[in-house]
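User: I am new to this structure and would like a friendly tour. Could you take me through it one question at a time?

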Amino acid sequence: MVTTASRSAMRSISFYLFRFDLRIRDNSALIAAVQRSKKEDYFIPIYCFDDKTNSQTPFSATKSSPERTQFLIESVASLKGGMSSSGTQLMVGVGDTAEYLSGLLSKVQDSGEELGDIKVFCQEEFCGEELKVNRSVERAIKAFNQKRGHPNPTDGSSIVTSIWGSSLYELEDAPFDANSAPTVMTQFRTKMEKNCAIPNCVETFGRGHVCGGIPEALKGEGDKELPGLKDLGFDETELSQPDERAAFNFKGGEENALARVQEYIFDLDLLKTYFETRNGLIGANFSTKFSPFLAVGSVSPRYIAHQCKKYEAERVANKSTYWVIFELTVRDFCRYFAKRFGDKIFQLDGILGREARGRHPNSIRWSYNPTLVEAWKEGTTGYPFVDANMRELKATGYMSNRGRQNVASFLALDMNQDWRYGGYWFEEKLLDYDIYSNYVSWIMAAGMTGGRVNKFNVVKQGKDYDPKGEYVKLWCPELENVPVGKIMEPWRMSKDEQKEAGCILGVNYPNPVVQMKVFQKRDGGGKDGYKAERKKKNKEKYKGGKYSIRE
Ligand SMILES: Cc1cc2nc3c(=O)[nH]c(=O)nc-3n(C[C@H](O)[C@H](O)[C@H](O)COP(=O)(O)OP(=O)(O)OC[C@H]3O[C@@H](n4cnc5c(N)ncnc54)[C@H](O)[C@@H]3O)c2cc1C
């Protein structure tokens, strides 16, 4: 039995569990974890790969593509390098996190070293799978303590501590309780901008933070090679060859994330024109391409905001320089939304709940027609603007925001298909897949947040945003010779025109698989129902940066 006196001589251990915050710079949860540990405690950073990401979801998709998994491996490798130069080792497991942690603890125990308290810190996440991991880690460590005769906390406190992180605005600064975060973006943004300042970045994790070192028995654990695709259930041959039409050649890692921020904002001087270019469709530079890095946490939104501010001070402040921060506020909106509603963001009826089905004006009788969903996924719906975007997603793992809004609206509101088939397909394919941005965007597109539904007219959108049909031709080469005036609606071509364009409908390119519901109003729609097309005019005038930032 361990006495109280001998217990006080034992070294405690703090694990830091990385998930979607794979960076050493401006990682507020990581730094807070260090601060909540004692200097002499062991401090062990951990990353555990899920080895089931190639398994099927109930929505005919896998949880990750080999390409995103590869991006993740690169991001973890970079974190490992960062940790190593900070004087510590990142320990990397594969499979069940609780089992991995228990294994490490048993190794220490078997070496004869008695440990003091065990604590686990991580960035706060809000949905089922991550919370389940936290619970199983909590259980595993309690069981470990019980076995070794070490007391578990009796004051109701947890072994696992989740710490808010990776947002633009700090939760504790928000002018509302997390459970009443606004469900409308404009309200959210206005409240945040009016009441909060974007905090300063925290110090970079470094040598001064790891004085406690790691137990002797675990030395060498961090030297193990990182798992490869094969260890994570993928065949390396599954990695697709880079497509030369891809918008951006994404390589994971903190250095690559910082390099892209530097390149986009300063080297190429693109920040000052973001507002005008952001709805583009082709190439690396119409938008920032920060999203895959933000999704795994290789860069923080605050770091980006501070770089924007620096740019404003050194070069120019205009609507564009503000608008990147606006978009990062949209990203925050999704996080706050998920914190408030948790797993409802994955449910068919979203936050409206099952009871609203058939009653709420936004409620739809969803169907599942595998042929239609397959046509959507493959980019063979017969609607060129949808097809081009879906083909780009499948080939490259990226799609512009304009494209995402259109294809989501099309699947949910024109095809009437259960939107979750779309959400899960995006989860599989997107290199920048982020639980909150993805599923909150999907329930919004499907109208399942209860507010106004933005039904997109995919023909008109194609004409507005791809007026010469260049984007459509890039991804649907069979439409190459279709006259520009008909490229977004090839079914309007006469038989002769089809022959002349070398594009026979039903042979070279599909006939539309559904009739688009352009001007149809949803039953009971009224003010809150479909808006056939939302007016694009943005009435807001730039008044010199609405956000404030702590210097
Ligand atoms: C149905 C649907 C699903 C989506 N799924 C994801 C997803 O899984 N992961 C993801 O990061 N984004 C998602 N988005 C949001 C948006 O499309 C992407 O963030 C953006 O296209 C990424 O390209 P970028 O980095 O060049 O963006 P930029 O236009 O340069 O924007 C800068 C950053 O702001 C944030 N941002 C911009 N728009 C949004 C938005 N509408 N919602 C949330 N954050 C935003 C992103 O972090 C982005 O990197 C989704 C949008 C829709 C409509």
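Here are some questions and answers on this predicted model.

User: How much of residues 12-160 is helix, and how much is strand?

Analyst: UniProt, in an unreviewed entry, lists residues 12-160 as "domain: Photolyase/cryptochrome alpha/beta". The end C-alpha atoms of that stretch are 14 Å apart. Its make-up is 42% helix and 19% strand.

User: Which helix gives the most residues to the shell around the ligand?

Analyst: The shell holds 29 residues, and Ser287, Thr288, Ser291, Asn438 and Ser441 come nearest to the ligand. Helix H9 (291-296), helix H11 (319-341), helix H14 (401-414) and helix H16 (435-445) each give two or more residues to the shell. With six residues, the one that gives the most is H11.

User: Is Tyr433 buried or exposed?

Analyst: Tyr433 sits in the loop between helix H15 (420-429) and H16. Beyond its neighbours within four places in sequence, Tyr433 is in contact with Arg68, Ala295, Phe426, Glu427 and Asn438. A residue needs 20 or more other C-beta atoms within 10 Å to be called buried. Tyr433 has 22 such neighbours, so it counts as buried.

User: What UniProt annotation covers Asp434?

Analyst: Asp434 is in the loop between H15 and H16. With 21 C-beta neighbours inside 10 Å, Asp434 counts as buried. The unreviewed UniProt entry groups Asp434 with others, including Tyr274, Lys289, Phe290 and Asp432. The annotation that covers Asp434 is "binding site".

User: Where on helix H17 do its buried residues fall, seen down the axis?

Analyst: In helix H17 (residues 458-465), the buried residues are Val458, Gln461 and Gly462. Seen down the axis of H17, they fall within an arc of 100°, so they line one face of the helix. In general, residues three or four places apart on an α-helix point the same way, because there are 3.6 residues a turn. For H17, the answer is one face of the helix.

User: Which helices are among those that cover the buried residues of H17?

Analyst: The residues being covered here are Val458, Gln461 and Gly462. Their cover includes helix H13 (384-396), H14 and helix H18 (470-475).

User: How far is the C-alpha atom of Lys463 from that of Val484?

Analyst: Lys463 lies in helix H17. With 17 C-beta neighbours inside 10 Å, Lys463 counts as partly exposed. Lys463 and Val484 are 21 residues apart along the chain. The separation of their C-alpha atoms is 9.2 Å.

User: What is the phi of Asp26, and is this residue buried or exposed?

Analyst: Asp26 lies in the loop between strand S1 (11-18) and H2. Although Asp26 is not a glycine, its phi is positive, at about 45°. With 25 C-beta neighbours inside 10 Å, Asp26 counts as buried.

User: And is Asp269 buried or exposed?

Analyst: Asp269 is in the loop between helix H7 (254-267) and helix H8 (274-277). Its phi is positive too, near 60°. Asp269 has 12 other C-beta atoms within 10 Å, so it is exposed.

Definitions and conventions:
Residues are numbered from 1 along each chain as its sequence is written. This is a predicted model: local features need pLDDT of at least 70, side-chain atom pairs count only at pLDDT 80 or more; totals for chains, interfaces and linings use all residues. A residue is near a molecule or strand if its C-beta atom, placed from the backbone, lies within 6 Å of it. Helices (H or I, at least four residues) and strands (E, at least two) are DSSP runs, numbered from the N terminus. The arc is that of the directions from the helix axis to the C-beta atoms. Two residues are in contact if their C-beta atoms, placed from the backbone, lie within 7 Å. UniProt positions are given in the numbering used here, feature names are shortened, and annotations may be inferred rather than shown by experiment.
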